[in-house]
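Please look at the sequence and the three-dimensional structure shown here, and keep both in view while reading the briefing.

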Amino acid sequence: MITKAGPKCDVCGQYILWGTMEFFSVANINATLCAHTERCKQAVLDAGNDWKQLPAGPLREAFE
């Protein structure tokens with residue numbers, strides 16, 4: 001999500017430094033999400049279709 005203070009990671013909820021973020025989409029969520037390029041993007045890929053494997057943060061809360 002983009003806030004007045006800058007982009008926030010939709011996976012972990014922390015602010016992202018410009019240049020270290022990537023946009024992505026998830027099935028059943030009609031929005032473009034952003035995440036830290038390496039660690040959070042990889043966590044989403046590793047979780048696959050099991051939302052319970054996502055780290056604590058806004059994306060996991062949306063599925064809970």
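This is a predicted model: local features need pLDDT of at least 70, side-chain atom pairs count only at pLDDT 80 or more; totals for chains, interfaces and linings use all residues.

Residues are numbered from 1 along each chain as its sequence is written, and side-chain values use heavy atoms, with hydrogens and water left out.

- Helices (H or I, at least four residues) and strands (E, at least two) are DSSP runs, numbered from the N terminus, and helix α1 covers residues 39–47.
- Within α1, the residues C40, A43, V44 and A47 are buried, where buried means under 20% relative accessible area, exposed over 50% and partly exposed in between, with a 1.4 Å probe and protein chains only.
- As background, an α-helix has 3.6 residues a turn, so residues three or four places apart point the same way.
- The face of α1 that is turned away from the buried side carries the exposed residues L45 and D46.
- The cover over the buried residues of α1 includes β3 (21–24), β4 (33–36) and α2 (58–63).
- After α1 comes G48, a residue whose phi is positive, near 60°.

**The largest pocket**

- Rolling a probe the size of a water molecule over the atoms shows where empty space is left.
- On a 1 Å grid over the protein atoms alone, a pocket is an open set of points with protein on both sides within 12 Å along at least five of seven lines, at points where a 1.4 Å probe fits, and lining residues have an atom within 4 Å of a point.
- The largest pocket holds about 310 Å³ of space, where grid points are joined across faces, edges and corners and the volume is the space filled by probe spheres set on the points.
- Of the 19 residues lining the largest pocket, V26, A27, V44, G48 and F63 are the closest to its centre.
- At least two lining residues come from each of β3, α1 and α2, and the largest share, 4 residues, is supplied by α1.
- By type, the lining divides into 12 nonpolar, 4 polar and 3 charged residues, with Ala, Val, Leu, Ile, Met, Phe, Trp, Tyr, Cys and Pro counted as nonpolar, Asp, Glu, Lys and Arg as charged, and the others, Gly among them, as polar.

- H36 is found in strand β4, and H36 counts as buried because its relative accessibility is 10%.
- The side chains of H36 and R39 are joined by a polar contact of 3.2 Å, that is, a pair of N or O atoms within 3.5 Å, of which, within protein, one must be able to donate a hydrogen and the other to accept it, and residues adjacent in sequence count only if both atoms are side-chain atoms.
- Leaving aside neighbours within four places in sequence, H36 is in contact with C9, C12, Q14, Y15, I16, T20 and K41, where contact means heavy atoms within 4.5 Å.
- T20 has its place in the loop between β2 (6–7) and β3, and T20 counts as partly exposed because its relative accessibility is 33%.
- The side chain of T20 reaches the backbone oxygen of L17 at 2.7 Å, and, again leaving aside neighbours within four places, T20 is in contact with A35, H36 and T37.

**The loop between α1 and α2**

- L54 lies in this loop and counts as buried, because its relative accessibility is 7%.
- Leaving aside neighbours within four places in sequence, L54 is in contact with A43, V44, A47, L59, R60 and F63.
- W51 also lies in the loop between α1 and α2, and W51 is partly exposed, with a relative accessible area of 28%.
- Beyond neighbours within four places in sequence, W51 is in contact with R60, F63 and E64.
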